[in-house]
Amino acid sequence: MPDFECRLKKYRQIKDLTQEQLAVQVGVRRETIMRLEKAQYNPSLKLAVDISRAVGAPIEEIFIFK
Amino acid sequence: MKNNKKLIIFFGVFCVLLTIASFLYTAVFNDERFIAPMDMSDYVFRVKDLPVIISCVLLALYVLYIFLLIIKSAITNKNREEDTEFTRTVNPKYGYCGLFGLFGFMGFWTYNLDKTVFPFVFFMFFGFFGFFYEGKMSNTLIDERYKENRIKAQMAADKIAMSVIFIAVLFLGQGKLMGNLEYTLIAFVIVVALSIALKMFLGMYLLYHYDNDGSDGLFDESGE
């Protein structure tokens, strides 16, 4: 399993979104966003794309596999 | 829909009353045929048998219809559940229904009394303790992480329950527990009932555990 780093928190804060707001936008629970930010959960491609669109940043910059 | 339900109930009551009436008729006017024990190998049809035969056929058709309705309803509910976005609302207090599992111990008493083993089946009710956890997850948005955790929890629960049954089959399949085949069968009924309860409980417990405490626990299936 490669090391997974998630920079979602940074891009979410740039976009001035709360976890709750982002969760509603992409149709998941706030807890899921929280786990994503802690890199404890690997999102599906669809969720990754939705998040990428919501925060306005490319997927490869939000989710990094080393 | 409401009228349909009323009609179904009406036909049910009608069938039961018709059956009771036909048996009363045969008891009074037809020499208690079909009530008193009779040898069906030398059965000869009488016109007076018709009420009992017709009422029994109607009752059997009604029971069959109800059975089909239950199956249809179960399939529809399952599809509806898959389409919904939120988990169902369950009161965690339903978990206390798990205490009905204690009735399973009555089996030891009834077996000694008249060899009845049916109460052992009540051990399955221990699985209802899972409602404590399902209740805590009531009305939760079913997102992809929840779905993933649910599949993972169900797989782990199935694996554990099947392992228990596998080991039980291996040991009990040898034939005689304490030199008695009946004890073997009783032990088998108990093991299967408890395994079903375990599967029901663990499915909910593990889902709650994965969803709230993370997946790096004792039952982590991912191996990551």
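Guide: Let us start with the order of elements, where chain B, read along its sequence, follows the pattern α-α-α-α-α-α. The secondary structure of chain B therefore comes to 6 helices and 0 strands. Please keep in mind throughout that this is a predicted model.

Visitor: Which pattern does chain A follow along its sequence?

Guide: Chain A reads β-α-α-α-α-α-β, and its count is 5 helices and 2 strands.

Visitor: Where in chain A is the confidence lowest, and where is it highest?

Guide: Chain A averages a pLDDT of 90, with 97% of the residues scoring at least 70. Within chain A, the lowest confidence is in strand S1 (residues 4-6), at a mean of 84, while the highest is in helix H4 (residues 45-55), at 94.

Visitor: How should I describe two helices that pack against each other?

Guide: Two packed helices are described by the angle between their axes and by the distance between the axes. In chain A, helix H2 (residues 19-26) and helix H3 (residues 30-37) pack at an angle of about 110°, and their axes are 8 Å apart. Angles of 65 to 115 degrees count as roughly perpendicular, so H2(A) is roughly perpendicular to H3(A). The contact is made by A:Gln19, A:Glu20, A:Leu22 and A:Ala23 of H2(A), together with A:Arg30, A:Thr32, A:Ile33 and A:Met34 of H3(A). The residues of this contact divide into 4 nonpolar, 2 polar and 2 charged.

Visitor: What should I look for when I search for a nonpolar core?

Guide: The general idea is that, in soluble globular proteins, nonpolar side chains tend to be buried together. Here the largest nonpolar core has 25 residues, and those with the most contacts inside it are B:Phe123, B:Phe126, B:Ala197, B:Phe201, B:Leu202 and B:Leu206. In chain B, helix H4 (131-136), helix H5 (144-172) and helix H6 (181-213) each supply at least two residues of this core, and H6(B) gives the most, with 12 residues. Apart from this core lies another, of 14 residues, among them A:Leu8, A:Tyr11, A:Leu47 and A:Ile51.

Visitor: Which residues does B:Ala197 touch, not counting residues up to four places away in sequence?

Guide: B:Ala197 touches B:Gly101, B:Phe123, B:Met124, B:Phe126 and B:Gly127 when residues up to four places away are not counted. Over the whole of chain B, residues 24 or more positions apart account for 75% of the contacts with a separation of 6 or more.

Visitor: Why is B:Gln154 partly exposed?

Guide: A residue is called buried if 20 or more other C-beta atoms lie within 10 Å of its own, and exposed if there are 12 or fewer. B:Gln154, which lies in helix H5 of chain B, is partly exposed because it has 16 such atoms within 10 Å. The C-alpha atoms of B:Gln154 and B:Leu206 are separated by 8.1 Å, although these residues are 52 residues apart along the chain. B:Tyr96, placed in the loop between helix H2 (50-83) and helix H3 (106-114) of chain B, is also partly exposed, with 13 other C-beta atoms within 10 Å. Of the 224 residues of chain B, 20% count as buried, and of the 66 residues of chain A, 27% do.

Visitor: How many residues of chain A are in contact with chain B?

Guide: On the chain A side there are 10 residues, in contact with 6 residues of chain B. The residues on this side of chain A divide into 4 nonpolar, 4 polar and 2 charged.

Methods
Residues are numbered from 1 along each chain as its sequence is written. Chains are lettered from A and ligands numbered from 1 in the order in which they are written. This is a predicted model: local features need pLDDT of at least 70, side-chain atom pairs count only at pLDDT 80 or more; totals for chains, interfaces and linings use all residues. Two residues are in contact if their C-beta atoms, placed from the backbone, lie within 7 Å. Ala, Val, Leu, Ile, Met, Phe, Trp, Tyr, Cys and Pro count as nonpolar, Asp, Glu, Lys and Arg as charged, and the others, Gly among them, as polar. A nonpolar core is a set of buried Ala, Val, Leu, Ile, Met, Phe, Trp, Tyr and Cys residues joined through C-beta atoms within 7 Å. Helices (H or I, at least four residues) and strands (E, at least two) are DSSP runs, numbered from the N terminus. pLDDT is the predictor's confidence in each residue, from 0 to 100. Axes are lines fitted to C-alpha atoms, for helices over the stretch in contact, and angles run from 0 to 180 degrees between N-to-C directions. Angles under 35 degrees count as roughly parallel, over 145 as roughly antiparallel, 65 to 115 as roughly perpendicular and the rest as oblique.
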